[in-house]
Amino acid sequence: MTVLLSVRDLRVEFDTSGGVVTAVDGASFEVAAGETVALLGESGSGKSVTAQAVMGIVPKPAGRIAGGSITYDGRDLLTPGAAKGLRGREIAMVFQDPLSSLNPVFRVGAQIGEMFRRHRGASRRDARAAALELMKRVGIPAASKRLDDYPHQFSGGMRQRVMIAMALALSPRLLIADEPTTALDVTVQAQIMDLLARLQAEEGMSLVLITHDLGVVADVADRVVLMYAGRVVETGPIREVYEHSGHPYTAGLMGSVPVLDGPRDRLTPIQGSPPDLLSLPTGCSFHPRCQYADDLCTTDQPNLRPLPTRPPQHQTACHHPEGVLTDAP
Ligand code: ADP
Ligand code: MG
């Protein structure tokens with residue numbers, strides 16, 4: 001397995017009126033070449049901020065990368081200048097809301113074509129032809145007729161296809177999609193996920209799918225990285241983690257959606273709500289919501305480690321994974 005992206009002990013802070021918020025608190029994970037990784041967690045768990053750190057778009061001046069490292073293809077992305085030319089080219093990103101990322105006053109074909117003009121020095125005519133090819137590839141019907149439409153003339157799903165086309169224009173080796181289907185209805189969600197999976201396979205690129213909804217990624221992801229309160233709490237091959245969750249948070253998330261082999265009964269969906277990052281619980285941040293929590297959990301923050309009875313790639317940051325594993329059906 002060739003590691004393409006490596007995030008180590010990443011820490012991202014924001015100055016807020018209430019104080020300093022640590023949105024990402026020591027997160028580590030890797031993405032191999034050609035692999036699809038789901039970055040999964042409840043809203044507010046630090047998924048988007050992690051992606052922002054990789055893309056170099058942590059909002060300034062409130063936000064900053066306060067620690068850790070991010071390397072891409074062996075190059076340190078956090079050294080100023082080192083990432084030049086990588087982001088946007090080799091590493092591309094698709095966001096939840098395509099309308100806010102597209103320019104409302106430019107025709108769709110021209111916006112896609114602009115990628116080729118700006119980065120490849122293509123002529124207007126070649127750029128237009130390349131844009132048309134991409135629009136076909138991402139499944140936009142009657143693409144030649146739609147080249148000169150404006151973004152508002154496209155449906156939500158078609159706009160997301162346009163965004164994906166723009167992200168693919170420069171043949172990235174890594175595509176990060178942040179809640180790419182969250183704004184879409186269920187049928188369209190599945191179509192966009194199928195498209196991303198197909199393009200991933202065709203391009204052999206790495207894909208990071210960020211979502212709060214396991215259901216939409218379960219069939220396409222190879223591995224899953226679960227985040228809670230800015231930390232990675234569980235990671236491993238998706239089926240392994242799904243079938244043998246070692247963290248009660250994971251078990252709760254997995255139990256609340258019918259996926260993979262159909263509906264199943266498991267632990268009840270997670271009680272309570274995500275923590276206030278300005279006043280995090282002591283010890284394990286999840287302990288106030290956890291039925292297994294004891295004194296150790298309230299005082300000591302667990303680190304990721306392999307589960308004794310599971311494959312070593314499966315790691316959990318929990319003091320009592322045996323309890324979770326045993327209670328699973
Ligand atoms: P999600 O997992 O839903 O993508 P985010 O990564 O967007 O969560 O955000 C995690 C937390 O980081 C938020 O709940 C918030 O407390 C904090 N945060 C994110 N962006 C900002 C910002 N621009 N300013 C201040 N705090 C922020
Ligand atoms: Mg987000």
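This note goes through selected local features of a predicted model.

1. Ligand 1. The shell around ligand 1 holds 14 residues, the closest being Gly44, Gly46, Lys47, Ser48 and Val49. At least two shell residues come from each of β1 (3-16), β2 (19-32) and α1 (47-55). The largest share is that of α1, with 3 residues.

2. Backbone contacts to ligand 1. A polar backbone atom of Gly44 is 2.7 Å from an oxygen atom of the ligand. For Val49, a backbone N or O atom lies 2.9 Å from an oxygen atom of ligand 1, and for Ser45 the corresponding distance, again from a backbone N or O atom to a ligand oxygen, is 3.1 Å. Taken on its own, ligand 1 has 560 Å² of accessible area, and the protein covers 68% of that.

3. Helix α1. Besides supplying residues to the ligand shell, α1 is mostly covered, with 8 of its 9 residues buried. These are Lys47, Val49, Thr50, Ala51, Gln52, Ala53, Val54 and Met55. Two of the buried residues, Lys47 and Val49, are also among the closest to ligand 1. After the helix comes Gly56, with a positive phi near 70°.

4. The cis peptide. Lys60 and Pro61 are joined by a cis peptide bond, with omega at about 5°. Pro61 sits in the loop between α1 and β4 (63-72). The bond deserves a note because most peptide bonds are trans.

5. Most residues other than glycine have a negative phi. Asp9 has a positive value, near 50°, and is part of strand β1. Glu179 also has a positive phi, near 50°; this residue is in the loop between β7 (174-178) and α7 (186-203). With a relative accessible area of 10%, Glu179 falls under the 20% limit and is therefore buried.

6. Helix α3. Gly121 follows the helix and has a positive phi, near 65°.

7. Burial of α3. The buried residues in this helix are Val108, Gly109, Gln111, Ile112, Gly113, Met115 and Phe116. Their cover includes α4 (124-137), α5 (143-146) and α6 (156-168). As background to such a pattern, residues three or four places apart in an α-helix point the same way, because there are 3.6 residues a turn.

8. Arg289. This residue is in the loop between α10 (248-255) and α11 (295-299). Its relative accessibility is 13%, so Arg289 counts as buried. Which side chains make polar contacts with the side chain of Arg289? One is that of Glu42, at 2.9 Å, and another is that of Tyr228, at 3.2 Å. Leaving out residues up to four places away in sequence, Arg289 touches Glu42, Tyr228, Ile270, Gln271, Gly272, Ser273 and Pro274.

9. Cysteines. The disulfide count is 0. Cys290 is in no disulfide, and the nearest cysteine sulfur, belonging to Cys318, is 6.0 Å away. Cys318 is likewise in no disulfide, its nearest cysteine sulfur being that of Cys290.

10. Leu207. Strand β8 (residues 206-211) contains Leu207. At 1% relative accessibility, against a limit of 20%, Leu207 counts as buried. Apart from residues up to four places away in sequence, it touches Glu35, Thr36, Val37, Leu175, Leu196 and Gln200. Leu207 and Ala221 are separated by 14 residues in sequence, and their C-alpha atoms are 8.6 Å apart.

Notes: Residues numbered from 1 in each chain as written. Chains lettered and ligands numbered in written order. Predicted model: local features only at pLDDT ≥ 70, side-chain atom pairs only at ≥ 80, totals over all residues. Heavy atoms only, no water. Disulfide = S-S within 2.5 Å. Buried < 20%, exposed > 50% of the residue type's maximum accessible area, 1.4 Å probe, protein only. Helix = DSSP H or I, 4+ residues; strand = E, 2+ residues; numbered from the N terminus. Contact = heavy atoms within 4.5 Å. Near = heavy atom within 4 Å. Polar contact = N/O pair within 3.5 Å; in protein donor to acceptor, adjacent residues only side chain to side chain. Areas by Shrake-Rupley, 256 points an atom, 1.4 Å probe, with all protein chains shown as cover.
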